[in-house]
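Here are my notes on the model, as numbered points. Please read them with the coordinates open.

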Amino acid sequence: MSYIEVAPDVKLHVLDWGTGHPIVLAHGWPLSHEMFEYQTTELPKRGFRCVAFDRRGFGKSSKPWDGYDYDTLADDLHHLLERLDLRDVTLLGFSMGGGEAIRYLSKYGSDRVADLILVGAAAPYMVKADGNPDGVDPDVFELDMIEKFREDRAAFIATFSKQFFGVGMLKKPLSEELLAWFGTLAMAASPRATTECVKTFGYTDLRDDVKAITVPTLIIHGTNDKNVPYELTGEKLHPMIPGSQLLAYDGAPHGLFYEYRDRLNDDITAFAGQQVRERQTAF
């Protein structure tokens with residue numbers, strides 16, 4: 001574990017495990033890099049170097065008052081890649097991390113990024129608005145999310161976590177203990193960051209940013225995602241990114257990185273490995 005300064009008085013907490021082809025993992029809201037435990041402990045065994053970081057405001061990273069827009073988060077990612085001198089990276093973004101990755105590629109290009117994996121990405125445009133009539137009603141972000149966790153963040157996280165992992169009366173894909181642990185990760189975030197990031201992933205239109213993606217892209221999304229609806233995101237992203245691959249996990253919830261971890265790890269391995277082999281062949 002280490003800390004890397006990406007802006008004045010802002011340091012990101014970074015996990016850097018394994019050797020070989022680098023995979024940089026950008027976590028989802030409102031968690032930290034620790035959500036990827038079942039990826040960062042497995043992928044290094046398969047010859048990958050996993051670099052996972054806590055976004056500013058989350059986990060053990062600095063928690064400044066401002067800087068939770070996609071431009072600033074893309075800047076943080078850019079400085080992280082530069083500080084570690086990472087090249088030919090597989091950039092993997094989960095949920096809000098997917099939006100962060102898309103803005104990074106739009107702003108900085110693909111000099112350091114060889115390919116992209118979007119898992120449950122909150123993109124291209126979430127909120128219902130002119131030009132996006134089938135989007136999510138703004139009240140979902142303002143009333144069902146922001147207002148509720150301003151009133152009782154712990155209670156909100158407890159309820160949100162169950163929907164996140166698809167927990168119901170007849171389906172309990174993870175233990176109560178693990179569910180509580182994910183809640184602990186979420187509660188480690190700054191309340192300010194938690195609020196501001198909802199505004200970022202909820203209201204930012206990334207449709208023009210998506211047009212800038214030129215690297216090979218794999219899109220993975222659960223068809224039963226109640227947090228980031230498949231029809232609004234993964235299904236729309238696929239035709240917008242020429243040559244992209246779409247893997248729809250039938251019945252999977254948003255938090256598929258746990259229940260579907262074996263399949264996800266296999267798909268990451270197959271895609272990233274194929275891209276490495278193709279680049280090696282090209283040279």
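Does S95 count as buried or exposed? The points below start there.

1. S95 counts as buried because its relative accessibility is 7%. Buried means under 20% relative accessible area, exposed over 50%, and partly exposed in between, with a 1.4 Å probe and protein chains only. S95 sits in the loop between β5 and α3. Its phi is positive, about 55°, although S95 is not a glycine.

2. Some ground rules. This is a predicted model, so local features need pLDDT of at least 70 and side-chain atom pairs count only at pLDDT 80 or more, while totals for chains, interfaces and linings use all residues. Residues are numbered from 1 along each chain as its sequence is written, and side-chain values use heavy atoms, with hydrogens and water left out. Helices (H or I, at least four residues) and strands (E, at least two) are DSSP runs, numbered from the N terminus.

3. D9 also deserves a look. Its phi is positive, about 65°, and D9 is not a glycine. D9 lies in the loop between β1 (2-7) and β2 (10-17). With 72% relative accessibility, D9 counts as exposed.

4. Next, T90. It belongs to strand β5 (residues 89-94). T90 is buried because its relative accessibility is 0%. Its side chain makes a polar contact of 2.7 Å with the side chain of H21. A polar contact is a pair of N or O atoms within 3.5 Å; within protein, one must be able to donate a hydrogen and the other to accept it, and residues adjacent in sequence count only if both atoms are side-chain atoms. Leaving out residues up to four places away in sequence, T90 touches H21, P22, I23, V24, D115, I117 and A272. Contact here means heavy atoms within 4.5 Å.

5. Helix α3 (residues 96-108) has 13 residues. Its first and last C-alpha are 18 Å apart, close to the 18 Å expected at 1.5 Å a residue. The expected span is 1.5 Å times one less than the number of residues. Ten of the 13 residues are buried, so α3 is largely enclosed by the rest of the structure. Among them are M96, E100, R103 and Y104. G109 follows α3 and has a positive phi, near 75°.

6. Check the cis peptide bonds. One joins W29 and P30, with omega about -5°. P30 is in the loop between β3 (21-26) and α1 (37-40). Another joins A123 and P124, with omega about 15°. P124 is in the loop between β6 (113-119) and α4 (138-164).
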